[in-house]
Amino acid sequence: MAISLDDPKKFRPLVGQAHQVAMNMLRPISRKYDRAEHEYPKELDMLAAMIDGLADSGASEGAGAAGVRRDEKDADTTVKNGANLASVMSIAEMCWGDVGLLLSMPRQGLGNSAIASVANDEQLARLDGVWAGMAITEPSTGSDSANITTTAVLDGDEYVINGEKIYVTSGDRADHIVVWATLDRDLGRAAIKSFVVAKGTPGMRVDRLEHKLGIRASDTATIIFEDCRVPKDNLLGSPEIDPGGSGQGFAGAMATFDNTRPLVASMAVGCARASLDLTRELLAKAGVEVDYDRPAVVQSAAAAKFLQMEADWEGAYLLTLQAAWMADNREPNSLEASMAKAKAGRVGSDITLSCVELAGSVGYSEAELLEKWSRDSKILDIFEGTQQIQQLIVARRVLGLSSAELK
């Protein structure tokens, strides 16, 4: 069967709209909110309202956070290009404008993907329209989410949460936080569950906001939970623990990453594409021609480097599309999600830094956004699982080894 590498026709209007938003609304304020760290980008309120309107009308399928659900199969087995593919394509275009501003969009938090992936039907309806950040990382627990120490203890009709979470994207601005906590530390990963905590809940407080290298328009918070009580119905998915079985509780929480990793990959793809587009223009102005019809070895060093970067970018982009397409068709995509995240994260950093180098003093100065994009892209190789963790996951999947067998 022939494979078409063109954008799906049904999504071209959405992608075009996202590109216009990036060019006309995000790029013009990109430098402003890079300098004004922690100041809320009020211009996003109008944009969020517009996106909500498009989503309600059905005119922008996949413009928001989507989920990966495998609990049931559609009766219709037709191959689908759905919400996940549309999301990664539109997010890549928005990040051509600004990654930090995209991460600051109301109601588009990473916690929304967790809700979409794990919540039951009642929770999906009740939490529709919320803006949810996601709290996973702890001071002593980074990439290994199975070692979470934040606890959730059932007390009557409520869970009591205690612990500290760091690097929570939109932790101060979001109206809800999806918190990963353990029901029983002695039972390991099987007891890890995710809980939705509304902003203003007694016992939850934002301790500080981080000052960061990049994505400075996005707030990143440390949140403390001290005897924070949430309704037991706010535990996403099933409360059952199966310590001797497959660990479906943790597996359900981890399924979130099957969705968010392609989303982060698409952010890296979009930021890298912005750098490539601008660098091509700067090279042309300097008299460097990039000829796609001649081998790189017979062109200038700058042109050859540019062609190599574009080839790397293409690989990252296609891996990202594949992971999202598999989610739309309810196929297990953990391997492909990690491959996309690993490739796009590494390529994004390589491309943005190389573009700074190719542009010389112009790339290093604030005369252009190249230096900013090189700062923004680095986090995309780190959060939602570091480069090293993605490579470990890929190795386990390819070799058929468990986490205990390959550490």
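**Legends to close-up views of a predicted protein model**

In the protein chain, residues 24 or more positions apart account for 74% of the contacts (heavy atoms within 4.5 Å) with a separation of 6 or more. The model is predicted, and local features need pLDDT of at least 70, side-chain atom pairs count only at pLDDT 80 or more, and totals for chains, interfaces and linings use all residues. Residues are numbered from 1 along each chain as its sequence is written, and side-chain values use heavy atoms, with hydrogens and water left out.

**Figure 1. The protein chain as a whole.** The chain contains 12 helices and seven strands; helices (H or I, at least four residues) and strands (E, at least two) are DSSP runs, numbered from the N terminus. Of its 407 residues, 54% are buried, where buried means under 20% relative accessible area, exposed means over 50%, and partly exposed lies in between (1.4 Å probe, protein chains only).

Figure 2. Ser 30 counts as buried because its relative accessibility is 1%. Beyond its neighbours within four places in sequence, Ser 30 is in contact with Gly 97, Asp 98, Leu 101, Leu 369 and Lys 372. With Asp 98, Ser 30 also forms a side-chain polar contact of 2.5 Å. A polar contact is a pair of N or O atoms within 3.5 Å; within protein, one must be able to donate a hydrogen and the other to accept it, and residues adjacent in sequence count only if both atoms are side-chain atoms. The C-alpha atoms of Ser 30 and Gly 100 lie 8.4 Å apart, although 70 residues separate them in sequence.

Figure 3. Lys 305 counts as partly exposed because its relative accessibility is 30%. Setting aside residues up to four places away in sequence, Lys 305 touches Ser 354 and Leu 358. Ser 354 is 49 residues from Lys 305 along the chain, and their C-alpha atoms are separated by 8.5 Å. The side chains of Lys 305 and Gln 308 are joined by a polar contact of 3.2 Å.

**Figure 4. The hairpin of strands β2 and β3**. Strand β2 (residues 151-155) and strand β3 (residues 158-169) pair in the antiparallel sense over five bridges; pairing requires that DSSP finds at least two bridges between two strands. Leu 154 stands opposite Tyr 159 in β3. Two residues lie between the strands, and Gly 156 in the turn has a positive phi of about 70°.
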